[in-house]
2 protein chains.
Amino acid sequence: MKHNSYFDGKVQSLGFERHGRKQTVGVIDPGEYHFNTDAPERMIVVAGELLAKIGTSGAWLHYPAGTSFEIPGTSGFDVKAVLPSAYVCEFL
Amino acid sequence: MKHNSYFDGKVQSLGFERHGRKQTVGVIDPGEYHFNTDAPERMIVVAGELLAKIGTSGAWLHYPAGTSFEIPGTSGFDVKAVLPSAYVCEFL
């Protein structure tokens, strides 16, 4: 298991692997962050709510706990949390 | 946000707070572990599957992703993972 810390510890995650597929669980503290993707990713919100802006759409969309969004590979996305929120990220 | 590590890093979690209530997200590597509770807790499995033995029932019950179990305060529980599995823990 690998502990990752980004943006001065405001985004942290724990990486693990199931059946050869990588996943992380993490927490996003209040703020706005940009992440680049290598592989495509599915972000599943498991506590709280995230806002995400994916690709060139320019729109912030709300993803409350229980919902998910996908990000194409070799791209990036902006993500924002108002209160600390938790996610599972599956690398596709 | 607080990074916690237990059992030589085989169980790790990230603690956060929402609306004054404490939560953690964590990963449990393969193995069997015992945790004591102070406050009552709700464990929500968000990836994989956990087995839990709560109280004096003596039975291991299966909790696949999407299900949850609760543990009384001032007690403890045994938890087991066959593959790395992730959870959200709410302190009640």
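This is a predicted model: local features need pLDDT of at least 70, side-chain atom pairs count only at pLDDT 80 or more; totals for chains, interfaces and linings use all residues.
## How the two chains are related

Let's start with symmetry. Two copies of a chain are related by a rotation about an axis and a shift along it.

The contact surface tells a matching story. Of the interface residues of chain A, 100% are also interface residues in chain B, so the copies meet through the same surface.

On the chain A side, 26 residues are in contact with 26 residues of chain B. Together the two chains bury about 1,900 Å² between them, and 74% of that is on carbon and sulfur atoms.

What about polar links? Across the interface of chain A and chain B there are 4 residue pairs in polar contact, counting pairs with both residues at pLDDT 80 or more.

## Which parts of chain A take part

Now for the pieces of chain A that touch chain B. Four strands of chain A each give two or more residues to that side: S2 (11-18), S3 (21-28), S5 (41-47) and S10 (85-91). The largest share comes from S2(A), with 7 residues.

Sorted by class, the side of chain A that touches chain B has 12 nonpolar residues, 9 polar ones and 5 charged ones.

Technical notes:
Residues are numbered from 1 along each chain as its sequence is written. Chains are lettered from A and ligands numbered from 1 in the order in which they are written. Side-chain values use heavy atoms; hydrogens and water are left out. Contact means heavy atoms within 4.5 Å. Buried area is the accessible area (1.4 Å probe) that two parts lose on being put together, summed over both. A polar contact is a pair of N or O atoms within 3.5 Å; within protein, one must be able to donate a hydrogen and the other to accept it, and residues adjacent in sequence count only if both atoms are side-chain atoms. Ala, Val, Leu, Ile, Met, Phe, Trp, Tyr, Cys and Pro count as nonpolar, Asp, Glu, Lys and Arg as charged, and the others, Gly among them, as polar.
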